[in-house]
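User: I am new to reading protein models and would like to be guided through this one feature by feature, with the general idea before each case.

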Amino acid sequence: MHPKRKQRLMLIGFLLAGFSVVIGLAMFALSENINLFYNPTQIAAGDVPSGAKIRAGGMVREGSVSRDETTLLVSFVLTDYNADVRVQYKGILPDLFREGQGIVALGRIDENGHLVAEEVLAKHDENYMPPEVMDALEKSGYSDKMNQGYQYEETQQ
Amino acid sequence: MKWTFFHKLGSPRWFYDIAGRHYAWLMMLSVVLLCIGTIWGLVFAPEDYQQGNSFRIIYLHVPTAILAQSCYMMMATAALTGLVWKMKIADMFIAAAAPLGAAFTFLALFTGAVWGKPTWGTWWVWDARLTAMLVLLFLYLGVMALRSAIEYSDMREKSTAILVLVGVINIPIIKYSVEWWNTLHQPATFTLTEKPAMPPEMWVPLLVMVIGSYLFFTSLVFQGVRNEILQREARKSWVKKLLATEGSTSD
Amino acid sequence: MSTLQTFFEMGGHGLYIWLCYGVGGIIFLLLGVSPMLARRRVIKQVKQLHRRLALASAIPSDVNEKE
């Protein structure tokens with residue numbers, strides 16, 4: 001390669017590397033804020049500003065959903081299989097909301113440590129499947145392996 | 001290392017001929033694949049056990065999202081070759097690709113929003129993936145705006161290339177955002193290393209759509225670069241001969 | 001007829017799906033057509049330039065040729 005071209009390539013390489021390092025450091029410093037939601041573990045540990053509006057993400061614990069027939073009031077337990085947070089919500093839930101589903105709830109933590117949600121969003125994973133296949137899998141007990149991504153990861157902290 | 005192919009690529013006249021020979025069949029094949037993929041995805045592919053039929057939006061969402069990022073990588077490669085080797089044709093690639101990238105990014109965001117409403121319960125959420133994708137759209141629009149703001153010159157080529165190269169940092173952020181941070185968006189559907197987490201009757205039509213979109217994009221870039229070449233080489237004798245001997249409708 | 005109707009309804013998600021594919025189809029169509037239109041425009045422009053260059057000087061138009 002022509003030495004002048006090599007020089008230009010090096011210069012661009014250095015500039016880009018420097019710029020990536022700056023962006024990388026900024027992102028690293030901000031990483032807690034870039035996260036869309038807190039885990040129940042973080043909420044239980046008190047890492048969450050009290051009274052501030054936050055998002056909490058996790059799985060809806062099976063058997064924890066209780067609905068008030070007359071007022072649309074729903075209460076359920078959000079879990080990452082390490083800690084639990086009870087969520088109270090009044091309103092219409094997304095179609096995908098069900099027990100065992102990953103969800104993200106926006107709201108404030110009240111004095112009892114419960115999350116009073118204003119908005120509940122459903123999360124889903126990249127495991128798309130036809131209904132018949134899912135039925136067969138459920139019968140064979142495979143479905144526990146799905147949605148693993150919502151479990152608390154020690155390495156993230 | 002042999003650079004002959006590389007230098008040939010830099011010759012606008014050579015590329016004009018090669019692209020002219022291939023854009024038509026590329027376009028035809030891509031239309032066939034896109035039609036097959038769309039019908040396959042909408043009619044024959046099974047619905048998802050959780051999302052039902054709204055899952056079918058994946059057949060438009062994933063190909064456009066992949067293309068939006070690939071298009072940027074192509075532009076970044078062109079920008080680098082343009083800056084280092086002073087290859088005039090590199091800038092033409094950027095000129096041809098930027099509006100395409102903007103269109104694909106817009107479509108990925110739009111289909112994502114429409115898909116998000118019934119599945120997540122919201123059109124938009126400021127999570128890392130969605131925000132980074134929006135930044136990509138603004139990068140494309142920025143490149144286009146920069147080009148239209150400056151008259152054709154060496155300075156325009158350089159400043160465009162630098163903007164494109166700086167923006168390339170956004171691509172790994174888009175790709176890994178779903179792994180580095182908590183997002184509402186799910187992890188990638190297709191990766192090069194792993195089997196997709198869905199059965200073949202779901203991912204085969206998706207693959208058809210992705211390949212069809214790539215061919216579509218390639219054909220459009222070929223045609224766009226040809227138009228740029230004609231414009232910029234207008235005073236060259238080969239262009240004069242070409243247009244003198246051939247009618248305006250034929251090649 | 002009823003099977004066609006259920007197909008278009010898409011289990012209640014019809015609006016979302018057809019909105020996506022409608023907008024997608026329009027954009028793909030516009031993308032596919034635009035380079036052909038652009039080519040016509042460019043050829044017209046360049047031919048005009050050639051005519052102007054030929055008129056502007058009695059000198060053969062290849063004079064500003066570099067290749």
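User: How much area is buried between chain C and chain B, and what part of it do carbon and sulfur atoms give?

Analyst: This is a predicted model, in which local features need pLDDT of at least 70 and side-chain atom pairs count only at pLDDT 80 or more, while totals for chains, interfaces and linings use all residues. Residues are numbered from 1 along each chain as its sequence is written, chains are lettered from A in the order in which they are written, and side-chain values use heavy atoms, with hydrogens and water left out. Buried area is the accessible area (1.4 Å probe) that two parts lose on being put together, summed over both. Between chain C and chain B this comes to about 3600 Å², and carbon and sulfur atoms give 71% of it. On the side of chain C, the residues that lose the most area to chain B are C:Y21, C:F28 and C:R39, together 21% of what that side buries.

User: How many residues of chain C and of chain B are in contact, and which element gives the largest share of the side of chain C?

Analyst: Contact means heavy atoms within 4.5 Å, and by this rule 33 residues of chain C touch 45 residues of chain B. Helices (H or I, at least four residues) and strands (E, at least two) are DSSP runs, numbered from the N terminus. Helix α2 of chain C (residues 14–56) supplies the largest share of the side that touches chain B, 24 residues.

User: How many salt bridges are counted between chain B and chain A, and how many residue pairs are in polar contact there?

Analyst: A salt bridge is a side-chain nitrogen of Lys or Arg within 4 Å of a carboxyl oxygen of Asp or Glu, and the count between chain B and chain A is zero. A polar contact is a pair of N or O atoms within 3.5 Å; within protein, one must be able to donate a hydrogen and the other to accept it, and residues adjacent in sequence count only if both atoms are side-chain atoms. Between chain B and chain A there are 13 such residue pairs, both residues at pLDDT 80 or more. These two chains bury about 3700 Å² between them, with 63% of it on carbon and sulfur atoms, and in chain B the residues B:Y49, B:Q50 and B:N182 lose the most area to chain A.

User: Which residues have the most contacts inside the largest nonpolar core?

Analyst: Buried means under 20% relative accessible area, exposed over 50%, and partly exposed in between (1.4 Å probe, protein chains only). A nonpolar core is a set of buried Ala, Val, Leu, Ile, Met, Phe, Trp, Tyr and Cys residues joined through side-chain atoms within 4.5 Å. The largest one here has 99 residues, and B:I58, B:Y59, B:M75, B:F104 and B:V225 have the most contacts inside it. Helix α4 of chain B (residues 88–119) contributes the largest share of this core, 17 residues. Leaving aside neighbours within four places in sequence, the contacts of B:I58 include A:Y128, B:W115 and B:L206.

User: Why does B:G224 count as buried?

Analyst: B:G224 counts as buried because its relative accessibility is 15%.

User: How many helices and strands does chain A have?

Analyst: Chain A has three helices and six strands, which run α-α-β-β-β-β-β-β-α from the N terminus on. Of its 157 residues, 38% are buried.
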